[in-house]
Amino acid sequence: WLRRDAAAVWHPFTQHATWTDDTPTVVDRAEGPWLIDVDGRRYLDGVSSLWTTTLGHGHPDVNAAITAQLARLDHSTFLGTTHTPGIELSEALIALAPRGRGPDLTKVFYAGDGSSAVEAALKIAYQYSTQTGHPRPTFVRLDQAYHGDTLGAVAVGGHELFHRAYRPLLLDTIGVASPGSRDHAPRERAALAAAELTAAMRDHGDQVCAIIVEPMIQGAAGMLDYDADYLRLARDLADAHGALLIFDEVATGFGRTGSMWAADHAGIVPDLLTCGKGITGGYLPLSAVLAAEHVYDAFLTRPGDTAPRTFFHGHTYTANPLCCAAALANLRVMAEQDVIGQAARLGDRLGKLLEPLAALDGVTEIRRLGTMTGVEVTPRGERTGFRVCQAARDRGVWLRPLGDTIVIMPPLTLGDDETDLLVNALAEALDEVLA
Ligand code: PMP
């Protein structure tokens with residue numbers, strides 16, 4: 001299988017022809033939090049298959065919902081037709097939307113994955129500006145941010161690695177210091193980030209259609225958590241300058257941080273909220289933009305308009321009914337089994353179990369919000385984080401690094417024994433690589 005894979009498959013973010021040690025594992029089956037490869041080896045999936053399988057694999061209720069939907073309606077376009085799972089899911093998402101300072105989120109626009117939800121939100125924000133005042137072609141974005149890999153999402157990311165290859169293609173943005181940046185001590189970084197955001201809006205606010213941030217913790221940036229005050233400031237500045245506020249909750253949504261949304265920790269509501277990953281419990285690709293009524297309203301063509309206000313965006317598989325049925329089942333299970341309560345308890349337990357590792361020589365810092373966890377190691381030779389993950393994999397635990405930050409993002413329902421196993425394997429791996 002590996003030979004055939006290397007001959008025919010182009011993997012994301014991978015060059016396994018030259019990085020021979022990054023050989024993919026050939027996954028054959030999955031059960032709960034376990035991945036099983038073609039040779040029958042079992043791995044505890046410590047990153048929920050890229051932060052998505054919040055209930056673990058093969059939950060009977062989600063499986064049943066998908067097969068029932070499959071027997072009824074597999075796919076129908078969402079352009080000109082609608083369907084009951086799409087309607088019900090929209091209602092459910094609106095009922096679950098964050099509450100607090102900011103508008104109620106009352107409309108759901110579907111997309112296929114996190115990047116395309118971000119892409120839709122950016123286009124909505126720009127078009128909103130043209131239809132409510134004047135074109136504002138600029139976005140404010142955080143340094144180190146990751147919002148996906150389509151062109152718009154890359155542009156509002158803050159990572160040189162992703163910008164370098166595509167710079168001439170990218171949108172106009174203003175990068176500001178991340179409130180989670182570890183380049184400065186906690187109080188300094190909060191003050192610096194606040195000052196940069198304030199200055200960016202003071203100097204360019206009239207050109208800014210939206211500020212986009214991952215609330216409370218920047219996941220793919222390396223699990224950089226920060227204080228809720230920054231989100232309050234972002235809300236105030238967006239309002240003061242007539243810009244929209246976008247929260248990207250693709251990683252943080254659906255219980256990952258120990259509450260339904262990361263926004264709940266701050267009590268701040270954005271004008272647009274993107275979500276994906278955990279929405280279907282990781283079963284099928286689906287994402288969404290939750291939008292405030294005032295944003296939606298700007299897209300309704302009115303008598304006397306000289307041009308349509310239509311949002312020119314929508315894909316073949318938008319709101320695929322199987323995906324919507326999976327998401328509805330996932331949300332039902334989350335409510336019935338208090339999965340968010342489980343996630344909060346799992347996060348606390350992980351925090352306690354990881355505490356002794358923070359004292360290890362070679363562990364720089366452990367960062368966490370709920371179950372979103374990053375263990376940063378001090379580089380010891382080439383690709384230290386990767387080698388720690390390899391050593392954990394040798395012990396049957398699947399982890400992935402972000403540079404030298406080892407990410408732990410387990411299913412939210414992970415049991416105590418499995419949590420112990422995960423932390424013990426990581427401890428041994430750190431011991432082996434950092435010794
Ligand atoms: N936004 C955030 C915050 C993410 O973490 C990710 C993926 N890691 C994305 C967007 C892109 O999502 P996808 O990979 O599903 O396109």
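Analyst: Happy to! Sorted by class, the shell around the ligand holds five nonpolar, six polar and three charged residues. Please keep in mind that this is a predicted model. In total, 14 residues surround the ligand. The closest of them are Asp113, Gly114, Ser115, Gly148 and Val250. Which helix gives the most to this shell? That is helix H5, spanning residues 114-132, which supplies three residues.

From here, let's turn to how some of the helices pack. Two packed helices are described by the angle between their axes and the distance between the axes. Take helix H3 (residues 60-72) and helix H12 (residues 321-336): their axes are 8 Å apart, and the packing angle is about 150 degrees. Angles over 145 degrees count as roughly antiparallel, so that is the word for how H3 and H12 lie to each other. Their crossing is right-handed. On the H3 side, the residues that meet H12 are Asp61, Val62, Ala65, Ile66, Gln69 and Leu70. H12 answers with Pro321, Leu322, Ala325, Ala326, Leu328, Ala329, Asn330, Arg332 and Val333. By class, the residues of this contact between H3 and H12 divide into eleven nonpolar, two polar and two charged.

Helix H14 covers residues 384-394 and helix H15 covers residues 416-434; their axes come within 8 Å and cross at roughly 130 degrees. H14 and H15 are therefore oblique to each other. The crossing of H14 and H15 is right-handed. H14 makes the contact through Thr384, Arg387, Val388, Ala391 and Ala392. From H15 come Ala425, Leu426, Ala429, Leu430, Glu432 and Val433. Here the contact residues of H14 and H15 comprise eight nonpolar, one polar and two charged.

Finally, let's visit a sheet. Four strands form an open sheet in the order E1-E2-E3-E15, and the pairing is mixed. Its edge strands are E1 (27-31) and E15 (397-398), each of which pairs on one side only. Where does E15 join the sheet? Two bridges link it to strand E3 (residues 42-45), and E3 and E15 run parallel.

Then follow H3 against H12, move on to H14 and H15, and end at the edge strand E15.

Technical notes
Residues numbered from 1 in each chain as written. Predicted model: local features only at pLDDT ≥ 70, side-chain atom pairs only at ≥ 80, totals over all residues. Near = placed C-beta within 6 Å. Nonpolar A, V, L, I, M, F, W, Y, C, P; charged D, E, K, R; others polar. Axes fitted to C-alpha atoms, helices over the stretch in contact; angles between N-to-C directions. Parallel < 35°, antiparallel > 145°, perpendicular 65-115°, else oblique. Left-handed = near helix turned anticlockwise from the far one by under 90°. Contact = placed C-beta atoms within 7 Å. Pairing = 2+ DSSP bridges.
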